[in-house]
Amino acid sequence: MDEALARAWIAAIAEVVRAEAQRLTDLDAAIGDGDHGVNLRRGFDAAVAALDSFEAGGAGDVLGKTGTTLLSKVGGASGPLYGTVFRALGKTLRQGGSFAEGLQAALDGVQQLGKAVAGDKTLVDALAPAVAAYASAAGEGEAAAARAAADAAAEGVRATVPMQARKGRASYLGERSVGHPDPGATSTALILGALAEVTARDSGR
């Protein structure tokens with residue numbers, strides 16, 4: 001991933017989060033605080049604004065700046081979690097690691113922070129299969145790997161619907177959390193879907 005693709009990815013995330021903010025908020029209202037869409041929209045709009053005047057030395061700087069911005073601008077649990085994702089990605093790329101390694105570092109950071117595992121009905125249920133899918137398809141090129149990750153994340157969201165939440169605010173609802181997709185998993189799938197789109201466009205040039 002180069003700097004231009006990283007910037008395009010963050011811009012694409014901001015666009016899709018703006019478009020889906022109400023749906024994310026409605027999902028969160030069903031089993032959480034009802035602020036997920038609003039918070040993410042604020043955070044990624046702030047990230048785009050911060051990057052506009054930011055002189056980066058590469059993709060790692062862009063993603064790291066995005067992470068620190070999300071940490072400072074997004075409320076609730078989303079700020080620390082998504083801030084961790086992008087800071088881990090940025091750090092890995094700055095140190096010369098691959099994007100697949102960065103995704104794994106992001107997952108490790110999220111799990112260390114939130115203590116969630118697959119099956120807890122959290123964003124991990126979308127991120128973990130996406131990380132594995134990206135790594136498996138990495139040899140086929142960035143576009144194929146990104147699409148594999150996006151598809152795996154989307155399937156992960158669907159898998160959260162019958163789950164009973166074991167972490168976060170939704171866990172307080174017990175069996176009433178069953179039947180709803182997890183908002184964090186849903187936004188994770190949107191983020192990875194944006195990655196697949198911009199990577200496909202970039203590879204088609």
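The largest cavity of the structure is lined by Trp9, Tyr82, Val85, Phe86, Leu89, Leu103, Leu123, Leu127, Thr188, Ile191 and Leu192, where a cavity is a set of points, on a 1 Å grid over the protein atoms alone, at which a 1.4 Å probe fits but cannot get out, and where lining residues have an atom within 4 Å of a point. The model is a predicted one, in which local features need pLDDT of at least 70 and side-chain atom pairs count only at pLDDT 80 or more, while totals for chains, interfaces and linings use all residues. Residues are numbered from 1 along each chain as its sequence is written, and side-chain values use heavy atoms, with hydrogens and water left out.

The space in the largest cavity amounts to about 80 Å³, a volume being the space filled by probe spheres set on the grid points, which are joined across faces, edges and corners. Both H4 and H8 supply at least two residues of this lining, and H4 provides the largest share, with four residues; helices (H or I, at least four residues) are DSSP runs numbered from the N terminus. By class, 10 of the lining residues are nonpolar, one is polar and none is charged, with Ala, Val, Leu, Ile, Met, Phe, Trp, Tyr, Cys and Pro counted as nonpolar, Asp, Glu, Lys and Arg as charged, and the others, Gly among them, as polar.

In total, the structure holds two cavities of 30 Å³ or more. The second largest cavity, with a volume of about 30 Å³, is lined by Met1, Phe99, Tyr134, Glu142, Ala146, Leu195 and Thr199. Two or more residues of that lining come from each of helix H7 (142–160) and H8, and the lining of the second largest cavity comprises five nonpolar residues, one polar residue and one charged residue.

Open space was examined as well, a pocket being an open set of grid points with protein on both sides within 12 Å along at least five of seven lines. The largest pocket has a volume of about 540 Å³, and among the 28 residues that line it, Ala77, Leu81, Gly168, Arg169 and Asp182 are the closest to its centre. Helix H1 (3–31), helix H2 (36–52), helix H4 (78–94), helix H5 (99–114) and helix H8 (183–203) each give two or more residues to the lining of this pocket. The lining of the largest pocket is made up of 10 nonpolar, 11 polar and seven charged residues.

A search of the whole structure for aromatic pairs returns four, rings of Phe, Tyr and Trp (its six-membered ring) being paired if their centres lie within 6.5 Å, with planes under 30 degrees apart counted as stacked, over 60 as edge-to-face and the rest as tilted. One of these pairs, Trp9 with Phe99, is edge-to-face, at 5.8 Å centre to centre and 65 degrees between the planes. This pair links distant parts of the chain, since Trp9 belongs to helix H1 and Phe99 to helix H5, 90 residues apart. Trp9 counts as buried because its relative accessibility is 1%, and Phe99 likewise because its value is 6%, buried meaning under 20% relative accessible area, exposed over 50% and partly exposed in between (1.4 Å probe, protein chains only). Phe44 and Phe86 form another edge-to-face pair, with 5.9 Å centre to centre and 75 degrees between the planes. Here too distant parts of the chain are linked, with Phe44 in helix H2 and Phe86 in helix H4, 42 residues apart, and both residues are buried. Trp9, Phe44, Phe86, Phe99 and Tyr134 form one aromatic cluster.

The largest nonpolar core has 55 residues, of which Trp9, Ile10, Ile13, Phe44, Leu63, Phe86 and Phe99 touch the most other members; such a core is a set of buried Ala, Val, Leu, Ile, Met, Phe, Trp, Tyr and Cys residues joined through side-chain atoms within 4.5 Å. Two or more residues of this core are given by each of H1, H2, helix H3 (59–73), H4, H5, helix H6 (124–137), H7 and H8. Leaving aside residues up to four places away in sequence, Leu63 touches Met1, Ala6, Trp9, Ile10, Phe86, Arg87, Leu89, Gly90, Leu93 and Phe99, contact meaning heavy atoms within 4.5 Å.

The loop between H5 and H6 contains Lys115, whose phi is near 60 degrees, a positive value in a residue other than glycine. Lys121, in the loop between H5 and H6, also has a positive phi, near 65 degrees. Lys115 counts as exposed because its relative accessibility is 54%, whereas Lys121 counts as buried because its relative accessibility is 1%.
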